[in-house]
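Please read these points with the model open beside you.

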Amino acid sequence: MKKLLMGNEAIALGAIRAGVRVVSGYPGTPSTEILETIAKEVSAARKGALEEGSSPAEKLSRIYIEWSVNEKAALELAAGAAMSGARSLVTMKQVGLNVASDPLMSLNYVGVKGGLVVAVADDPGPISSQTEQDTRRFGKFAKLMVFDPASPAEAYTMIADAFDWSEKYGRPVIFRPTTRVCHSYASVEILPDLPQKDIGVFEKSQRWVIFPGLAYRSHIQIEKDLIQLGDEFSAYSGNKLSVISGASPNAIHPPCAVSPRRGIAAGGVSRAYTHEVLAKLDTQPKPKAEFSPPDSNTAYKLLEVSTVPFPSKLGKEFLAGLDEVLVIEELDPVIEDELIRLCGLHHLNVKIRGKLSGDMPNAGENTVALIAEKINNFFGIPSSVTNSPTEASAEAPGRSSAPDIPALPVRPPVLCAGCPHRGSFFAVKEAVRKSGAGKNGQQGFPRKAVFSGDIGCYTLGNAMPLDMTDTCLCMGAGITVAQGINRAEPDTLNFAFIGDSTFFHTGIPGIVNAVYNQAKIIVVILDNYTTAMTGSQPHPGTGKSVLGSPAEKISIYDVVKALGVKDIVRANPFDIKVAEDAVTQMLDKKGVRVILFEGPCIAVEAGSGKCSITAAQCTGCRICVKKLGCPAISLVPTETASGSGLSEPVAGASDAGRPKLRALIDPVLCTGCGICKPVCPAGAIQ
Ligand code: SF4
Ligand code: SF4
């Protein structure tokens, strides 16, 4: 049977099909739904509510699954399970791999028994990440195998291959989808579950204890294995070499009667895009002079690469007889490097065109349009050939043309209406301002204040008008960066903002460091009772497991106290006066101080009330808009407001001297959080 699946769902179901027994991870876009889908299946199995086509309930019920506190903990847990013979899966985004890199580097030397797949989702663009790092490069650095799927359907079967290769070589394997594979939907053929292998349990052995002697011996073996893998991967079904005649319709077939002089090499999701472009090239009529009859100028070779190590044998076969090659891949020039290396090694005079030669962009995502343009240039053909509509998208007979779709309005990311972080940031800003401290370079303030942020929704505190994030580096870094600034500039008032999930992830060591080294910082913990940025996953402070069952609830307040912080205050960020007083009382204390703002994310508990603005009282001063930036508040012409139905008419709107604009609250967006009420000097908000 076929199922319409998101790429991450396909990866999850593929892992279940392959017999995964232990699953751990930390949320991070674009990887999050892999673990969530497995949790959904396990949950449904336990409740007896499985859908048609699911794996057997008994098998699903045996899977252990958790959101770990961070990627390092997740990988170490999976390593233990794999040492015990269980097929294990760890999920994270690419920057999460930096956190997990310490155990991963060593684990390759120690090895595993059951297959261990580390699913690391890369984010070209980047769309929701701090970096555009390429996990294939990390795999090369760590001397690990990497599998790089091109589509949801391929990801579904390839993850089973990843488990097999992990067990074959007794080493962890990286599985690296990118955002467009993770989040696109496709019809995927659901295959029968694979037979379960029993490869035993944990057995006491020196092989699990990393010592320099073992590391030396392992390193020698790893290097041998990598060379062998270069050969073995040349025969792997995910790596393909095709020879295309360039003249016959649908002409992808090996081998071609003529000897092509040009080649295209592609990897990852760019393989799918390249196929789409080349399919048009093979089916469209070509300009005679260039494309008919087939000869060595019109024929070409296509190399598809989905693994690290690079399939060297296949690569050499690809390069044989070519004059030039266009390499299409996202992020780093990994395939390009390998082809250049092969040319040098085998004295091949082939021009490799890609990122290093400036023929392809060296940052950001690839698109079908971009690849079409590059392939057109490479073959020297008119853009109309590859840019023409595909059969599927061509206008159907009898249908009128679709109107041009207008460009979407630019909508910068902002904190949601009703977000507790808005109140927290506003309270800190106001208390600091009233104390006489100002931001760097701000006139009229005797003391400088610096606000260090962290990774989460609250990074959006950076946006105007709040403007409360002066630094943001990586998970957990806000607290330690604040300490560093304060060491360099001791008179500065240093704040560090951190969310609840990030606090558990990597925030705690920063507080320990601050207390131990007697730092002078104010840590503001923004507890909204969830991991909001990635879609409301639970964490140790929520009292819920990944399957929704009750779990031990760890109190952030108690942890902070236990870490030795003497001055801690809790406050409700929706009560601006209370929140501001809490900040003020911490300003002049010494040492490490913690303000714990506790208020639910709207995804956890949406407010049921609504606020509105009495039009007759609104002076149009815009203070509510300029200070808070709540997306539910907008400014409208007074005349429009009176007729909008969203609020009562504005008395005398057309009179001379009346404001031209007034504020209006959108009742659809407003949660009634009340943060804006005390901000209005006219008392117009109820
Ligand atoms: S609602 Fe209040 S703060 Fe907002 S524009 Fe009107 S008077 Fe000014
Ligand atoms: S009460 Fe005010 S701040 Fe809160 S969501 Fe409504 S408009 Fe926004």
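**Notes on the model**

1. The buried residues of helix H18 pack against helix H5 (94-110), helix H17 (477-488), strand E17 (493-499), strand E18 (521-527), helix H19 and strand E20 (592-598). Helices (H or I, at least four residues) and strands (E, at least two) are DSSP runs, numbered from the N terminus. A residue is buried if 20 or more other C-beta atoms lie within 10 Å of its own, exposed if 12 or fewer, and partly exposed in between, with C-beta atoms placed from the backbone.

2. This is a predicted model, in which local features need pLDDT of at least 70 and side-chain atom pairs count only at pLDDT 80 or more, while totals for chains, interfaces and linings use all residues. Residues are numbered from 1 along each chain as its sequence is written, and chains are lettered from A and ligands numbered from 1 in the order in which they are written.

3. Helix H18 covers residues 500-516 and has a kink of about 70 degrees at threonine 506, shortly before proline 509. The bend is the angle between axes fitted to the seven residues ending at a position and the seven starting there. Among the buried residues of H18 are Phe503, Phe504, Thr506 and Ile511. Just after H18, glutamine 518 has a positive phi of about 55 degrees.

4. Which residues come nearest to ligand 1? They are Cys618, Cys621, Cys624, Ala663 and Cys680, out of 14 around ligand 1 (C-beta atom, placed from the backbone, within 6 Å). Helix H21 (623-628) and strand E22 (661-665) each give two or more residues to this shell.

5. Ligand 2 is surrounded by 15 residues, the closest being Cys611, Cys630, Cys670, Cys673 and Cys676.

6. Tyrosine 557 lies in helix H19 (residues 556-562). Tyrosine 557 counts as partly exposed because it has 17 C-beta neighbours inside 10 Å. Leaving aside neighbours within four places in sequence, tyrosine 557 is in contact (C-beta atoms, placed from the backbone, within 7 Å) with Ile568, Arg570 and Leu596. The C-alpha atoms of tyrosine 557 and arginine 570 are 8.2 Å apart.

Methods
Two residues are in contact if their C-beta atoms, placed from the backbone, lie within 7 Å.
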